[in-house]
Amino acid sequence: MADVRDLYQEVIFEHNKNPRNFGVLEDHNRHAVGHNPLCGDQLTVYLRVDDQDTVEDVSFEGTGCAISVASASLMTQILKGKAKEEAEALFQAFHDVCTKQREVEDAPELDKLAVLAGVRDFPSRVKCATLAWHTVHAALETDEAGAEVTTE
Amino acid sequence: MAVEEVGRPGKDLTDADARRLRADFPCLGQEVHGRPLIYLDSAATSQKPQAVIDAVSRFYETSYSNVHRGAHTLSERATDAYEGARARVAEFIGAGDSREIVFVRGATEAINLVASSLGRLQFGAGDEILLTEMEHHSNIVPWQLIAEQTGAVLKVVPINDNGELEMAHFEEQLSERTRMVAVGHVSNALGTINPLREIVARAHEMGAPVLVDGCQAAPRLEVDVAELDCDFYTFSGHKLYGPSGIGVLYGKRQWLEAMPPYQGGGEMIRRVTFEGTTYAPPPARFEAGTPHISGPVGLHAALDYVTGIGLEALFQHERELLDYATEAIREVPGVRLIGTAAEKAGILSFVLEGVHPHDIGTILDNQGIAVRTGHHCAQPVMDRFQVPATTRVSFGLYNTREDVDAFIQGLHQVREMLA
């Protein structure tokens with residue numbers, strides 16, 4: 001049976017209390033707003049990408065539960081320096097692990113993101129973990145005008 | 001358990017009674033995450049007593065057929081059960097005439113029905129629809145839709161920091177252009193009981209009809225539509241210990257007689273030709289198609305069940321639980337109550353500093369405690385109190401002080417983990 005302590009790992013508490021790369025990225029050239037209409041949560045992801053769509057810098061801001069804030073925070077750490085294709089592949093791997101389509105051991109590239117794998121036993125919380133990723137995906141797909149995306 | 005054995009009308013409902021009644025609800029007998037289920041989400045939907053489950057099963061086993069059609073025995077039995085339920089609903093809410101009771105899917109459909117039909121009948125450009133800041137989305141969006149179609153405009157009565165209507169603003173906003181006042185009886189997000197008599201009296205002085213969303217009131221307090229003098233009253237069966245997919249729209253006869261159909265189809269007609277159709281009188285006019293036949297049967301059993309206990313006793317029981325819980329939760333550091341009206345029903349909404357409601361919900365669930373987290377389909381209320389979401393505890397007839405104790409203990413555990 002799923003224990004709630006498997007979901008709320010220490011790393012998640014720590015990132016929730018002290019989110020990394022939090023706030024507006026001054027010289028961003030991409031951004032998107034993500035909504036989770038089920039809970040009213042909203043977060044904005046800011047990106048600075050180079051000519052080849054490689055992520056030079058990334059930040060986020062907004063409100064959310066511990067899972068969504070920690071996921072966004074961890075995401076910003078792993079995304080820096082990643083090419084668009086690498087970012088998309090990470091999203092896919094992360095999504096697959098969260099939805100039990102892939103085992104954590106089969107996705108070593110997730111690195112620290114693996115602490116969020118506990119959501120797979122809490123289906124109602126998967127969207128909390130993936131909101132930031134849906135949002136960054138939308139930001140990478142769009143131009144500077146920005147995009148809106150929802151988990152529904 | 002037979003319905004007659006349940007009730008002790010006119011008596012108080014004690015925790016011992018509630019524990020006994022809890023045994024009538026099979027779904028509450030289970031464990032969740034290895035702990036006995038503590039269900040504190042009756043405002044979202046209530047659990048069903050065996051009497052309701054049995055009534056629906058028995059109906060399917062012995063009397064099921066289509067209604068108002070065919071001369072055969074089963075059809076007559078089904079029609080009697082269906083129309084008997086309508087008469088029972090009329091009695092339950094104090095309507096003088098069962099033709100004033102329309103069966104719908106739920107309160108949402110009822111409000112859409114009135115907005116669409118009455119809107120087409122009499123809303124025009126510049127006419128005003130007066131709502132309140134504490135309405136559920138289902139008592140906002142249908143009015144926005146008809147306002148877009150007719151050019152009518154929405155006016156909103158604000159609420160104060162306690163979550164009570166600003167009645168001075170209500171007076172100010174009520175005008176000769178007001179074509180509808182739509183208000184909740186009890187707020188699902190705040191628990192506030194609104195001063196309906198005053199609202200109805202003032203609206204009527206201005207010639208405006210009043211629709212009351214009674215979803216949270218009908219399961220919690222005695223409703224008498226004749227005494228309230230409201231023009232429309234609606235509630236959903238599933239919050240009143242009955243089946244989901246069945247709801248009630250009460251409408252004063254003169255309104256229902258005047259209103260055009262909401263949906264077209266079988267059952268709602270008098271005579272159909274390709275040149276034109278004449279419509280059946282209410283309530284059939286508003287019940288197109290084969291209805292949810294077993295729904296009213298289950299609702300009938302649910303009304304018998306709660307009447308057996310007594311609505312007054314039920315209200316007092318939930319009030320006592322609310323007072324007990326309010327006092328206890330105030331001792332928990334970092335808690336801010338959302339909704340502190342003087343007049344409240346058994347709903348307790350709060351935020352906990354530094355902890356998102358979703359995390360509270362998940363951690364409590366892990367202890368077998370079911371609460372609601374989110375915006376409760378009342379985003380304007382969340383905006384008013386500047387919170388993204390709240391955690392909501394809501395009571396039913398089966399809850400006890402022990403449930404409250406377990407919840408408070410759970411909340412302390414949440415704080416240890418997250419705050």
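A: Start with B:His358, which is buried, because its relative accessible area is 13% and buried means under 20%. Keep in mind that this is a predicted model. B:His358 sits in helix α13 of chain B, residues 357-365. Look at what surrounds the side chain and backbone of this residue. Leaving out residues up to four places away in sequence, B:His358 touches A:Tyr8, A:Cys39, A:Cys65, A:Arg125 and A:Cys128 of chain A, along with B:Thr373 of chain B.

One of those partners leads to the next feature. A:Arg125 touches B:His358, and A:Arg125 also forms a salt bridge with B:Asp359. The closest N and O atoms of that pair are 2.9 Å apart. The count of salt bridges between chain A and chain B is one. On the chain A side, α1 (4-7), α2 (10-17) and α3 (66-79) each supply at least two of the residues that touch chain B. That side of chain A divides into 14 nonpolar, four polar and five charged residues.

Now step back to the whole boundary between the chains. Here 23 residues of chain A are in contact with 15 residues of chain B. The size of an interface is often given as the accessible area lost when the parts come together. Between chain A and chain B, the buried area is about 1500 Å². Carbon and sulfur atoms give 57% of that area.

Chain B also has a boundary within itself. Chain B is divided into domain 1 (3-48 + 310-418) and domain 2 (54-307). The C-alpha centres of these two domains lie 27 Å apart. Across the boundary, 45 residues of domain 1 of chain B are in contact with 36 residues of domain 2 of chain B. The two domains bury about 3200 Å² between them, with 55% of it on carbon and sulfur atoms. Three residues stand out in domain 1 of chain B: B:Leu311, B:Ile347 and B:Arg384 supply 19% of the area it buries against domain 2, more than any other three residues.

B:Arg384 forms a salt bridge with B:Asp161, and the closest N and O atoms are 2.8 Å apart. Between domain 1 and domain 2 of chain B, two salt bridges are found. There are also 29 residue pairs in polar contact across this boundary, both residues at pLDDT 80 or more. Among the elements of domain 1 of chain B that each supply at least two residues to the side touching domain 2 are α12 (311-330) and β14 (347-352). The residues on that side divide into 23 nonpolar, 14 polar and eight charged.

Finish with some local details. B:Ser294 lies in helix α11 of chain B, residues 294-309. B:Ser294 is buried, because its relative accessible area is 4%. Beyond its neighbours within four places in sequence, B:Ser294 is in contact with B:Val56, B:Phe59 and B:Tyr60. The peptide bond from B:Pro282 to B:Pro283 is cis, with omega near 5°. B:Pro283 is in the loop between β12 (277-279) and α11 of chain B. B:Cys377 has a positive phi of about 50°, although it is not a glycine. B:Cys377 lies in the loop between β16 (372-374) and α14 of chain B, and counts as partly exposed at 26% relative accessibility.

Technical notes: Residues are numbered from 1 along each chain as its sequence is written. Chains are lettered from A and ligands numbered from 1 in the order in which they are written. This is a predicted model: local features need pLDDT of at least 70, side-chain atom pairs count only at pLDDT 80 or more; totals for chains, interfaces and linings use all residues. Side-chain values use heavy atoms; hydrogens and water are left out. Contact means heavy atoms within 4.5 Å. Buried area is the accessible area (1.4 Å probe) that two parts lose on being put together, summed over both. A salt bridge is a side-chain nitrogen of Lys or Arg within 4 Å of a carboxyl oxygen of Asp or Glu. Helices (H or I, at least four residues) and strands (E, at least two) are DSSP runs, numbered from the N terminus. Ala, Val, Leu, Ile, Met, Phe, Trp, Tyr, Cys and Pro count as nonpolar, Asp, Glu, Lys and Arg as charged, and the others, Gly among them, as polar. Buried means under 20% relative accessible area, exposed over 50%, partly exposed in between (1.4 Å probe, protein chains only). Domain bounds come from an automatic or database domain assignment. A polar contact is a pair of N or O atoms within 3.5 Å; within protein, one must be able to donate a hydrogen and the other to accept it, and residues adjacent in sequence count only if both atoms are side-chain atoms.
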